Amino acid sequence: MTHAATVHSLWTTAAAAPDKIPSPDIEYGQLSPTLIVLGAAIVGVLVEAFIPRRQRYVAQLFVSVVALAAAFAAVIGLAAGDYGTSKARIAAMGAIAVDGPALFLQGTILLVALVAVFTFAERRLDPVVHGNRVDSFAAQAAAVPGGDAEKAAVKAGFTTTEVFPLVLFAVGGMLVFPSANDLLTLFVALEVFSLPLYILCALARRQRALSQEAAVKYFLLGAFSSAFLLFGIALLYGYAGTVSYSGIADVVDGQVRNVTPALAGTMGNDALLLIGGAMVLMGLLFKIGAVPFHMWTPDVYQGAPTPVTGFMAAATKVAAFGALLRLLYVVLPGLRWDWRPVMWGVAIVTMLGGAIVAVTQTDVKRLLAYSSIAHAGFILAGVIATTPDGISSVLFYLAAYSFVTLGAFAVVTLVRDAGGEATHLSKWAGLGRRSPLVAAVFAVFLLAFAGIPLTSGFAGKFAVFKAAADGGAGALVVIGVISSAVAAFFYIRVIVLMFFSEPRTDGPSVAVPSPLTSSAIAIGVAVTLVLGVAPQYFLDLASQAGVFVR
């Protein structure tokens, strides 16, 4: 019997017994946060197609805010229904985990996205062009920078409202990423949230060529990282004969009951496991921005429109660290002795590299980019702890860090001169005398980044370093404290520059934002101070949410 005949006979027997094909069993309620966001993204695409151009901005903003708020409510509902603790389970035919870390990270991502959408919708900062209010995004994304088509689009008062559905698609991918329970779902989620980000990076209204260059760099390096991840998935599948997290973990631990001869052959081959695990890790470390996979970060953060930079810096880190935790704690706990030394090395060079290079930066956005690299190193210290405290400290740090980052980038959008945002540090001299409030708010964010007590940064760093020390990584904590001291130098240098330098006569002005950006900054300050002054409730919440479902 030939191969074709065999396949044909399989099809006919399957068709003859329809009750034998298991129908997929999807738990829509437990997947509702992701489904709401992706559904709203599709509605956003339809709004672009059918609603007149004048009304799109309001419609898109409404759809985005309602969807993110509804999805957050759904996450709260699932957490209240004990899906984070006693009812934690694997949903969607084994593809998605609904457990404490997943719900905590999804809630954080949704809140971050909601605040980020406010900064996306800001239209009071740039001067009015041809009688129309404009936002941070190109009037017509397809037009050549500086060309006639772009000038005509600006004159006609076009605005790129496609950014709202793009953000929703990115958020949808980010919600799946930390809760993915098999490697293929992980890869699909990575692509779903990366592709919209590549586009969003290229849409700046001012300095469009720089923005497009940033997007191309991000896209090319992102493609490399996706390739590494996919190749790693292939090797892990070759090793374990399955892509599900628990299946691979069982093979790694040697707990598989029915071993076929083919599986026995590959199970003995540790090269597949080690190289595959390393490649998947590389793909995730790229998204985190850990050294040596960090070279895209400063260029992309500087070139992308600032609202996009803030969203990307905050939300991508949360999603990527969630996926990294699940990979190391659920799939590869049996390889701990192999991956811990490697992650030690990565954490050390990331902390020191980010802090030392940041000292030399002269651009605010690049400075914040290198600071985000250093913070990735601090968070990795908590990942390395390999204890339940390690998980909860990382969750808390991510929640605290993301709002500080969003707030800081929102402040950067306010400081402007004739060419748009004034991001060169020399132009920030004397800002504290020109507009004390904006400078004071930025100083709060910088102090939180530096980890000064009574800010969320201190509570987060303390939790992560304590977990690392308890987990036997005391030397790592010493290096972390040293790099924190180096980092504190350049944060405080910016504060000194703002408050103790003479303002320049040709210096930038501070634009008065609409309530949208004001509320984004206010939320950032509030979260920073609340998590700094009274962190205990949120630390307890993170520790309750710190158990992965197997």
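**Figure 1. Ile26 lies in the loop between α1 (3-16) and α2 (32-50).** Helices are DSSP runs of H or I with at least four residues, strands are runs of E with at least two, and both are numbered from the N terminus. Ile26 has 31% relative accessibility, so it counts as partly exposed. Buried means under 20% relative accessible area, exposed means over 50%, and partly exposed lies in between (1.4 Å probe, protein chains only). Together with Tyr28, Leu35 and Met93, Ile26 forms a nonpolar patch on the surface. The accessible area of the four together is about 410 Å². Patches take residues with over 30% relative accessible area and no salt bridge; like charges are joined within 9 Å, and nonpolar side chains (Val, Leu, Ile, Met, Phe, Trp, Tyr) within 5 Å. Areas follow the Shrake-Rupley method with a 1.4 Å probe, and for residues only the protein chains shown count as cover.

The model is predicted: local features need pLDDT of at least 70, side-chain atom pairs count only at pLDDT 80 or more, and totals for chains, interfaces and linings use all residues. Residues are numbered from 1 along each chain as its sequence is written, and side-chain values use heavy atoms, leaving out hydrogens and water.

**Figure 2. Arg206 and Asp126 meet in a salt bridge.** The N to O distance is 2.8 Å. A salt bridge is a side-chain nitrogen of Lys or Arg within 4 Å of a carboxyl oxygen of Asp or Glu. The Arg206–Asp126 pair links distant parts of the chain, 80 residues apart. Arg206 sits in the loop between α7 (183-201) and α8 (208-240), and Asp126 in the loop between α4 (100-120) and α5 (148-156). Arg206 is partly exposed at 31% relative accessible area. Asp126 is buried at 9%.

**Figure 3. Glu150 pairs with Arg208 in a salt bridge.** Their closest N and O atoms are 2.6 Å apart.

**Figure 4. Lys217 forms a salt bridge with Asp299.** The closest N and O atoms lie 3.2 Å apart. Lys217 is in helix α8 and Asp299 in helix α12 (residues 296-303), so the pair ties together parts that are 82 residues apart in sequence. Lys217 is partly exposed at 30%. Asp299 is also partly exposed, at 24%. Elsewhere, salt bridges that share partners join Asp126, Arg206, Arg416 and Glu421 into one network. The whole structure holds twelve salt bridges.

**Figure 5. Phe311 is among the residues with the most contacts inside the largest nonpolar core.** This core has 179 residues. Helix α13 (residues 306-331) gives the most to the core, with 18 residues. A nonpolar core is a set of buried Ala, Val, Leu, Ile, Met, Phe, Trp, Tyr and Cys residues joined through side-chain atoms within 4.5 Å. Not counting residues up to four places away in sequence, Phe311 touches several partners, including Phe120, Val171, Met174 and Leu406. Contact means heavy atoms within 4.5 Å. In soluble globular proteins, nonpolar side chains tend to be buried together.

**Figure 6. The chain has 22 helices and five strands.** Buried residues make up 57% of its 550 residues. The C-alpha atoms fill a box of roughly 85 × 60 × 40 Å along the principal axes.
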